[in-house]
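Subject: Structure for your review

Dear colleague,

A written account of the findings comes after it.

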Amino acid sequence: MTRTNETRQPPVGQAEPRPGMSRPAVVVHGVHKSYRSGTLDTPVLRGVDLVIETDQLSVLSGPSGSGKTTLLNLIGCIDRPDRGDLTVLGRQVGALNDNQLSDFRRDHIGFVFQNFNLLPVLTAYENVEYPLLLAGVPTDERKRRVKAALDQVGLAAQLRHYPSQLSGGQRQRVAIARAFVKAPALILADEPTANLDSENGAAIVALMRTLQRQHNVAFVISSHDPQLKAHADRVYPIRDGRLLPPEATPVRAEIAAPSLV
Amino acid sequence: MFSLNSLALPLRNVMRNRRRTLVTLITLIVGEIALLIFGGYANAVVDGMQTGIVQQIGHLQIQRKNYFLLGTGSPMDYGIADYRKVIAAVEADPQLKNMVKVTTPLLQLQGIAGDFNRGVSRTVAGYGYVAADQNRMREWNEYRFPIEPKKIALPEGQSDVVSLGIGVARTLRLCDALTVPNCPKGEVADKNPGGKAMPDDIGALTELEAASPNLPASDGQPRLDVLAATANGAPNVINARVAAAESLGVKEIDDSYMAMPLEMAQQLVYGRDTPQVTSIVLQLRSTADIDTVRARLTRIIQDHGWDLEVLDYRTLFPAYDQTRGLFASIFGFILLLIGTIVLFSVANTMSTVVMERTVEIGTLRSMGMRRAGIARQFLSEGLIIGTLGTVLGCGLAVLCALAINSAGFTWTPPNSIEKIPLVVHMFNTPDLIVGSVAALLLLAAISSLLPAYRAARIPVVEALRHV
Ligand SMILES: Nc1ncnc2c1ncn2[C@@H]1O[C@H](COP(=O)(O)OP(=O)(O)OP(=O)(O)O)[C@@H](O)[C@H]1O
Ligand SMILES: [Mg+2]
């Protein structure tokens with residue numbers, strides 16, 4: 001895989017100089033987004049301003065159709081706004097072309113999906129290994145990091161299982177390990193617990209909280225799961241494509257993450 | 001043991017939907033087999049034709065300029081007088097020595113053969129041969145056909161003897177004497193009891209020239225009179241024994257063929273003048289050397305200032321290239337049909353694959369795979385299917401070919417009356433295998449190109465929303 005040197009950054013985070021603590025992970029400014037189907041123009045985001053700090057677990061919450069996924073996609077650099085500015089990890093992403101955006105995601109952003117989105121033909125180990133392959137991490141380093149990541153999500157014994165041989169909760173753990181393994185500066189999760197029962201959901205929430213703390217990563221989750229809101233450092237409520245004033249989450253300091261791993 | 005390489009993912013994806021992959025593979029396999037078996041059969045037919053031609057007329061012939069176009073009817077005007085010098089020059093050439101197997105003179109003439117006492121005669125195409133050389137030429141079998149060399153009917157080392165095509169033998173009513181097959185019974189030999197088939201003056205000539213009258217020889221061999229126009233225009237007659245009748249495989253040739261020793265032919269055409277020939281026939285060890293040998297011969301002819309030209313068997317026997325062309329166009333048609341089926345089959349499979357894996361495309365893109373990476377994934381899958389199909393097809397085609405070649409089938413080619421072995425030639429040149437594999441692989445690649453391109457263009461967000 002060839003990369004333009006212009007956007008080439010140290011592939012994975014740990015040795016890389018993090019954007020300074022003072023600098024926010026994401027700055028969204030005056031962002032508009034609407035979907036066109038035929039002549040019909042459906043505005044989904046109508047002027048969103050948002051600052052997401054690094055080292056925080058932030059939750060975008062709101063009713064179905066309010067635009068959470070749309071906003072998350074913009075932050076994750078897999079979609080572009082119609083209007084407005086987006087600065088992700090200090091980078092004006094509006095100026096990047098498709099390849100540069102791809103490389104930026106590869107090097108700095110991890111995703112967790114509602115439907116897990118594991119590659120069915122790869123084992124748990126290989127699924128976690130894949131982002132490191134994309135980033136060109138050498139074999140030994142890869143091995144070490146994949147094992148550590150699977151260890152951290154409690155799946156050291158299921159390395160060779162294919163997704164079809166894992167439970168929903170286990171699949172989401174693999175997906176979380178896959179997002180964390182490259183030590184990105186920003187991780188995005190769209191309704192990561194929506195396809196899990198409450199018990200598994202709770203475990204996943206706790207796991208994400210723990211890992212977020214361990215890795216000091218900016219973690220943005222869209223959800224209407226109240227458990228998640230309870231664990232969040234910040235909650236950003238969205239209604240009809242607009243952000244309401246942030247909800248204070250006074251409980252967050254008091255809630256200790258259940259130790260899972 | 002854990003590590004993935006870049007082919008692992010496409011390979012596993014190909015194996016994921018085994019049934020669909022198998023159906024696509026079968027299209028490719030059957031297509032490849034069809035191309036190779038038909039191509040191999042066409043090769044064998046053309047090789048067989050070449051073998052037959054080269055055995056009879058050699059690879060190259062040295063002739064007087066324009067003999068081939070203008071002079072075949074008048075060997076007296078287009079003879080090569082110093083043919084012995086030409087043959088000596090060819091045989092002495094160090095470069096030609098290793099490539100040329102036989103160099104032999106040939107005198108072609110038009111004549112009339114008949115038993116004028118019995119009132120039968122017909123025109124013949126006479127060939128003055130060196131029988132031993134002709135027999136060596138019949139051994140040529142570069143393509144290793146499972147056949148034994150057949151000697152010509154003209155005996156070696158005898159001067160007063162001829163052999164006939166079986167058609168000539170029939171019309172001269174020599175069926176019983178020469179044991180010719182397919183002779184209608186009850187046909188009377190002489191429908192002109194008066195022996196009026198021959199003008200009296202020529203009959204008189206016969207009696208003057210003939211060494212012995214037309215009585216059955218002591219060994220029971222029939223005799224014939226052979227008449228030809230001499231170089232100075234007067235007819236010349238020789239009385240000769242008939243050794244045998246043979247089939248040359250083509251009825252038109254069998255109906256006019258007469259072989260005789262070179263000396264007899266020379267005596268018929270040139271009488272007591274300097275004996276000449278119409279062609280010097282060269283047979284090469286390998287057809288591949290033909291251009292080298294031709295160039296060298298042309299050089300030698302130029303250096304000596306001879307008024308000669310070199311013609312190859314393809315010019316001398318135009319049906320060879322026509323047959324090749326016919327098979328090439330049939331092969332092209334089959335390739336077109338198979339190519340179309342392969343194109344649509346692979347394209348359909350790859351489009352379905354892209355559809356089914358749209359979410360996966362979105363996932364890979366969100367992980368940072370570039371568009372080109374996505375395209376490469378699907379292109380690789382198409383190429384893997386193409387490679388598997390063509391390689392398996394090749395393997396099976398080779399097995400089929402071995403089975404056909406050892407089954408001992410025979411067939412009768414068009415324009416021929418002789419059965420020849422039915423075989424498939426796939427390996428004489430790599431062209432067929434390499435060409436058909438390359439063509440189908442290229443088609444598999446082309447048909448994966450569009451689906452792969454479309455996969456790469458799907459916006460990430462839409463790919464992820466796909467259900
Ligand atoms: N590709 C699209 N084309 C047209 N409309 C779309 C598209 N994507 C989203 N929408 C519309 O945009 C609105 C916001 O969608 P979005 O997915 O951002 O909501 P959400 O807050 O994530 O909802 P949910 O909680 O159900 O996931 C919805 O009304 C949806 O129908
Ligand atoms: Mg959503």
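This is a predicted model: local features need pLDDT of at least 70, side-chain atom pairs count only at pLDDT 80 or more; totals for chains, interfaces and linings use all residues.

Residues are numbered from 1 along each chain as its sequence is written, chains are lettered from A and ligands numbered from 1 in the order in which they are written, and side-chain values use heavy atoms, with hydrogens and water left out.

Chain A

The secondary structure of chain A comprises 7 helices and 10 strands. Helices (H or I, at least four residues) and strands (E, at least two) are DSSP runs, numbered from the N terminus. Of the 261 residues in chain A, 54% are buried, where buried means under 20% relative accessible area, exposed over 50%, and partly exposed in between (1.4 Å probe, protein chains only). Among contacts in chain A with a separation of 6 or more, 73% are between residues 24 or more positions apart; a contact means heavy atoms within 4.5 Å.

One open sheet of chain A has 6 strands in the order β6-β7-β8-β3-β9-β10, with mixed pairing. Two strands are taken to pair if DSSP finds at least two bridges between them. The edge strands of this sheet are β6 and β10 (242-243) of chain A, each of which pairs on one side only. Strand β9(A), residues 234-239, is joined to β10(A) by 2 bridges in the antiparallel sense, and Ile238(A) has Leu243(A) in β10(A) as its bridge partner. Helix α2 of chain A (residues 98-108) packs on this sheet, where it touches β6 and β7 (186-190) of chain A. The direction of α2(A) makes about 80 degrees with that of β6(A); axes are lines fitted to C-alpha atoms, for helices over the stretch in contact, and angles run from 0 to 180 degrees between N-to-C directions.

A further open sheet of chain A is formed by 4 strands in the order β2-β1-β4-β5, with antiparallel pairing. Its edge strands are β2 (40-52) and β5 (91-92) of chain A, each pairing on one side only. Within this sheet, β1(A) (residues 26-37) and β4(A) (residues 83-88) pair in the antiparallel sense over 5 bridges. Val27(A) has Thr87(A) as its bridge partner in β4(A). Helix α1(A), residues 68-75, lies across β1, β2 and β4 of chain A and runs at about 60 degrees to β2(A).

Chain B

Strand β1 of chain B (residues 60-64) is mostly covered, with 4 of its 5 residues buried. β1(B) pairs in the antiparallel sense with β9(B) (residues 308-312) over 5 bridges, and Arg64(B) stands opposite Leu308(B) in β9(B). β1(B) also pairs in the antiparallel sense with β8(B) (residues 279-284), over 4 bridges; here Ile62(B) stands opposite Ile280(B).

Ser74(B) is found in the loop between α3 (67-71) and α4 (83-92) of chain B. Ser74(B) counts as buried because its relative accessibility is 15%. From C-alpha to C-alpha, Ser74(B) and Leu109(B) are 7.8 Å apart in space, although 35 residues apart in sequence.

Cavities

There are 3 cavities of 30 Å³ or more. On a 1 Å grid over the protein atoms alone, a cavity is a set of points where a 1.4 Å probe fits but cannot get out, and lining residues have an atom within 4 Å of a point. Grid points are joined across faces, edges and corners, and a volume is the space filled by probe spheres set on the points.

The largest cavity holds about 50 Å³ of space. Its lining includes Ile109(A), Arg178(A), Lys182(A) and, from chain B, Met367(B). β6(A) provides the largest share of this lining, 3 residues. By class, the lining has 6 nonpolar, 1 polar and 2 charged residues. Ala, Val, Leu, Ile, Met, Phe, Trp, Tyr, Cys and Pro count as nonpolar, Asp, Glu, Lys and Arg as charged, and the others, Gly among them, as polar.

The second largest cavity has a volume of about 40 Å³. Among its lining residues are Tyr41(B), Phe145(B), Trp411(B) and Leu422(B). The largest share of this lining, 3 residues, comes from α2(B). The lining has 9 nonpolar residues, no polar and no charged ones.

Yours sincerely

Methods: On a 1 Å grid over the protein atoms alone, a cavity is a set of points where a 1.4 Å probe fits but cannot get out, and a pocket is an open set with protein on both sides within 12 Å along at least five of seven lines; lining residues have an atom within 4 Å of a point.
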